[in-house]
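Subject: Structure for you to look at

Hi,

Here is the structure I promised to pass on. Have it open while you read, and I'll walk you through what turned up.

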Amino acid sequence: MKKIEEYVRSIPDFPEEGIIFRDITSVLQDADGLHLAIDSMQALLDGVDFDVVVGAESRGFVFGTPIAYNLHKPFVLVRKKGKLPCETVSRSYALEYGTAEIEMHKDSIKPGQRVVLVDDLIATGGTIEAAAKLVEELGGKVVKIIFLMELAGLKGRERLKDYDVASVIRYD
Ligand code: PRP
Ligand code: ADE
């Protein structure tokens with residue numbers, strides 16, 4: 001049986017020179033890789049008491065939805081600006097490459113709900129920090145943040161020091 005990290009394909013200099021892109025398509029297009037990824041991430045939630053899973057567009061949807069489904073929890077979308085049709089809250093943030101703005105529907109989190117945030121990868125932590133702030137703006141409490149992969153060299157965890165963070169694969 002292959003280990004989860006063996007399913008990840010690393011592409012140098014994509015989308016810019018100097019970036020090593022950690023590609024999840026090679027994980028997802030293998031049935032064993034897909035199972036192992038979801039099961040390994042879900043295991044990070046053992047013993048965690050929560051009400052809702054929130055995933056960041058787009059790769060956070062891929063991992064967040066099956067985890068929510070398996071654990072019979074609702075799934076909430078954090079989307080890139082301009083995609084959600086109802087009233088939203090929004091935040092801008094910087095990426096490892098470029099900038100972006102994300103939004104959530106105002107009615108997607110009820111005050112006091114315990115939230116698990118899911119994404120495929122943490123680089124600088126900018127995306128998930130912005131998502132956490134949106135959840136808090138809506139009155140939710142972020143009780144856990146999980147990733148398949150963590151680029152430890154970019155020190156995203158320091159940015160998330162106020163949260164309980166866990167990842168399956170760590171790249172130094
Ligand atoms: C990638 C990745 C994370 C984020 C990590 O998403 O899926 O969401 O960047 O970077 P950060 O920790 O520096 O914020 P991207 O914005 O490229 O969108 P995608 O999932 O739609 O490809
Ligand atoms: N998102 C931000 N940085 C990334 C990287 N190095 N690989 C894959 N996705 C990313």
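Let's begin in a loop: P15 sits in the one between β1 (9–12) and β2 (20–23). The bond to look at there is the peptide between F14 and P15, which is cis, with omega at about -5°. Before we go further, keep in mind that this is a predicted model.

There is another cis peptide bond, running from E57 to S58, and its omega is near -15°. You'll find S58 in the loop between β3 (52–56) and α3 (59–70).

One more loop to visit, the one between α3 and β4 (75–80), is where H72 lies. H72 isn't a glycine, yet its phi is positive, at about 55°.

Now for the sheet. In what order do the strands of the open sheet run? There are 7 of them, in the order β5-β6-β4-β3-β7-β8-β9, and the pairing is mixed. From one strand to the next, the twist averages 20°.

If you'd like one strand pair to check by eye, take β5 with β6 (residues 99–105): they pair in the antiparallel sense, over 7 bridges.

On to ligand 1. Which residues are closest to it? They are D119, D120, T124, G125 and T127, out of 16 residues that surround the ligand. Sorted by type, the shell has 5 nonpolar, 5 polar and 6 charged residues. Two elements, β7 (114–122) and α4 (126–137), each supply at least two residues of that shell, and β7 gives the largest share, with 4 residues.

- T127: an N or O atom in its side chain is 2.5 Å from a ligand oxygen.
- S58, back again: a polar side-chain atom lies 2.8 Å from a ligand oxygen.
- A123: here a backbone N or O atom lies 2.8 Å from a ligand oxygen.

Cheers

Definitions and conventions: Residues are numbered from 1 along each chain as its sequence is written. Chains are lettered from A and ligands numbered from 1 in the order in which they are written. This is a predicted model: local features need pLDDT of at least 70, side-chain atom pairs count only at pLDDT 80 or more; totals for chains, interfaces and linings use all residues. Side-chain values use heavy atoms; hydrogens and water are left out. A residue is near a molecule or strand if one of its heavy atoms lies within 4 Å of it. A polar contact is a pair of N or O atoms within 3.5 Å; within protein, one must be able to donate a hydrogen and the other to accept it, and residues adjacent in sequence count only if both atoms are side-chain atoms. Ala, Val, Leu, Ile, Met, Phe, Trp, Tyr, Cys and Pro count as nonpolar, Asp, Glu, Lys and Arg as charged, and the others, Gly among them, as polar. Two strands pair if DSSP finds at least two bridges between them. Axes are lines fitted to C-alpha atoms, for helices over the stretch in contact, and angles run from 0 to 180 degrees between N-to-C directions.
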